Amino acid sequence: MVKEQRKQKKDISMWTTIIIVIAVVYILSLLLPSGSYQRTESGTAIPGSYEVVEKIYLSPLDVIMKVGDQAYNTFGKLFVTLMIISGLMGVTNSTGVLDKALANMIRKFKDKALLIIPVYVFATGVLGAMGSMISTVLLFVPLGLSLAKQLKADRAFAVGLVICGSFTAFMSSPINMLTCVMGQTIAGIPEYSGAGLRTVVTVINLCIVSGFLMVWVKRCQKDPSVYEKNFSGAEIGDGMDNVQEYSPLTGKEIIILLLFFGTFIFFAAGGVALELSMLPLASVVLPLVLVIGFLGGYDLDETMKHWVKGTGGMAGVMLFMIFACYMNVILNNSGILDTLVYYVSLPLSYLSGSLSTIGIFIANAIINIFINSGSGQTAIMMPIMAPLADVLGVTRQMSVLALQYGDGFTNLLAPTSVNLMACLAAAKIGLKDWYKLCVPLYAILAIVLIASIFVGTAIGYC
């Protein structure tokens with residue numbers, strides 16, 4: 001107990017991390033020379049044009065006074081959209097329709113339970129692509145354990161089933177506002193652009209996850225001792241018997257599901273086909289949330305109560321993004337952003353466009369171990385990665401993609417991941433058992449990601 005308390009005292013929270021990073025960036029702004037690249041009319045840095053300029057020193061007051069404007073100009077539209085979408089999640093979740101639909105699906109596949117794996121992986125993948133089933137995966141671990149026992153698999157499978165689909169889709173999603181769209185906003189490229197390649201990669205990866213988990217279950221079934229070792233004496237009920245009884249969806253509940261998933265299809269299609277930005281898309285969704293509330297049997301006050309509860313979950317994310325703007329202010333106003341880009345680009349400049357992009361991917365995968373927040377890492381790193389892409393001669397879309405991959409890749413591998421460690425604790429397994437499943441799976445996924453980087457570079461992905 002004492003050891004656990006000491007360990008908790010040593011843990012560094014995300015808030016402590018962001019303050020430390022801000023302090024480090026500010027110190028760097030005092031030590032590094034100010035410099036700049038020549039830029040085109042569109043703001044793209046011209047490779048080879050970097051030169052040192054007169055040193056610019058910022059006082060702490062200079063930084064503080066500019067943060068509000070920086071946050072508003074960078075994330076204003078995204079904040080409004082996040083409030084509406086998180087409200088949609090809050091109201092829809094409160095109706096219980098999503099839980100009921102999932103329970104019905106489990107009952108339907110009871111006799112052929114192995115088929116639940118691809119269905120579940122793709123269903124959670126859709127939610128993960130929206131960025132909405134990341135922090136809540138812990139709630140589904142008991143369901144994963146129940147399915148694992150029914151299938152005579154192990155506890156690692158239970159965690160893999162509930163977490164791999166959503167996190168894998170999050171890693172390459174074309175509609176993920178916390179990394180993809182935010183990164184595109186910072187990089188100054190159209191929101192929701194480049195959806196084609198991202199969608200293909202997401203579908204391929206979800207197919208790989210589904211197939212891998214099905215093979216894993218079959219391997220467990222061949223060795224009864226695996227099941228006995230994992231579940232003998234465990235008090236988790238009798239598998240599917242613990243799942244709520246089948247109850248057909250009503251007409252209103254079906255409409256709620258159609259509106260819920262239709263909203264995100266509209267976001268994905270509207271941003272590309274209709275060439276609409278986030279605010280018009282979010283404006284259309286706004287009244288649909290009220291409709292879902294009324295269909296769920298709520299009056300206006302109850303609907304807004306659940307809406308506010310849903311948006312409350314995004315408050316921490318948005319506050320973290322505001323704190324991250326301190327870095328943006330320091331980097332942009334001290335003249336060291338281009339200097340950092342120049343230094344980082346030196347080793348990568350000896351590589352081809354594809355290899356340098358892979359370098360960006362690997363760098364962000366490592367950084368994610370320490371900054372375990374997609375929105376936080378994007379807010380911190382994208383201001384550097386966008387001009388770095390200009391210097392390296394690759395498109396800014398490729399830099400967003402590489403950052404998105406890097407952020408997502410180590411989410412299920414890093415022991416600093418709060419969501420991962422919470423799920424493992426709930427399933428009562430350690431990192432060693434988890435890595436036996438996750439490491440080979442993500443080694444396969446890494447091949448797909450790297451292959452897509454080569455393809456993107458070859459086609460001038462933008």
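## The big picture

How much of the chain do buried residues make up? In this predicted model, the answer is 53% of the 462 residues.

Take the contacts between residues with a separation of 6 or more in the chain: 80% of them come from residues 24 or more positions apart.

## Two helices side by side

Have a look at helix α7 (residues 155-172) and helix α9 (residues 195-222). Their axes come within 8 Å and cross at roughly 170 degrees. An angle over 145 degrees counts as roughly antiparallel, and therefore α7 and α9 are roughly antiparallel to each other.

Who does the touching? On the α7 side, the contact includes F157, L161, C164 and M171. On the α9 side, R198, V201, L206, L213 and W216 are among the residues taking part. Sort the residues of this contact by type and you get 11 nonpolar, six polar and one charged.

## Checking helix lengths

Helix α14 (residues 315-334) has 20 residues, which should span 28 Å at 1.5 Å a residue. Its end C-alpha atoms are 29 Å apart, which agrees. Helix α15 (residues 337-348) has 12 residues and reaches 17 Å from its first C-alpha to its last, close to the 16 Å expected.

In α14 they include M318, M321, C325, N328 and I330. In α15 the buried residues are L337, D338, T339, L340, V341, S345 and L348. Here's a handy rule for looking at lists like these: an α-helix has 3.6 residues a turn, so residues three or four places apart point the same way. Just after α14, look for G335, a glycine with a positive phi of about 80 degrees.

Most residues other than glycine have a negative phi. Two residues here go the other way. Y192 has a positive phi of about 70 degrees although it is not a glycine, and K428 is another non-glycine with a positive phi, near 60 degrees.

Where do they sit? Y192 is in the loop between α8 (177-187) and α9, while K428 is in the loop between α19 (418-427) and α20 (431-458). Are they buried or exposed? Y192 has a relative accessible area of 1%, so it counts as buried. K428 has 68%, so it counts as exposed.

## One more loop residue

Finally, find G297, in the loop between α12 (278-295) and α13 (300-312). Its relative accessibility is 58%, and because the cut-off for exposed is over 50%, G297 counts as exposed.

How far is G297 from K252 in sequence and in space? They are 45 residues apart in sequence and 9.5 Å apart in space, going from C-alpha to C-alpha.

Conventions. Residues are numbered from 1 along each chain as its sequence is written. This is a predicted model: local features need pLDDT of at least 70, side-chain atom pairs count only at pLDDT 80 or more; totals for chains, interfaces and linings use all residues. Side-chain values use heavy atoms; hydrogens and water are left out. Helices (H or I, at least four residues) and strands (E, at least two) are DSSP runs, numbered from the N terminus. The expected span of a helix is 1.5 Å times one less than its number of residues. Buried means under 20% relative accessible area, exposed over 50%, partly exposed in between (1.4 Å probe, protein chains only). Axes are lines fitted to C-alpha atoms, for helices over the stretch in contact, and angles run from 0 to 180 degrees between N-to-C directions. Angles under 35 degrees count as roughly parallel, over 145 as roughly antiparallel, 65 to 115 as roughly perpendicular and the rest as oblique. Contact means heavy atoms within 4.5 Å. Ala, Val, Leu, Ile, Met, Phe, Trp, Tyr, Cys and Pro count as nonpolar, Asp, Glu, Lys and Arg as charged, and the others, Gly among them, as polar.
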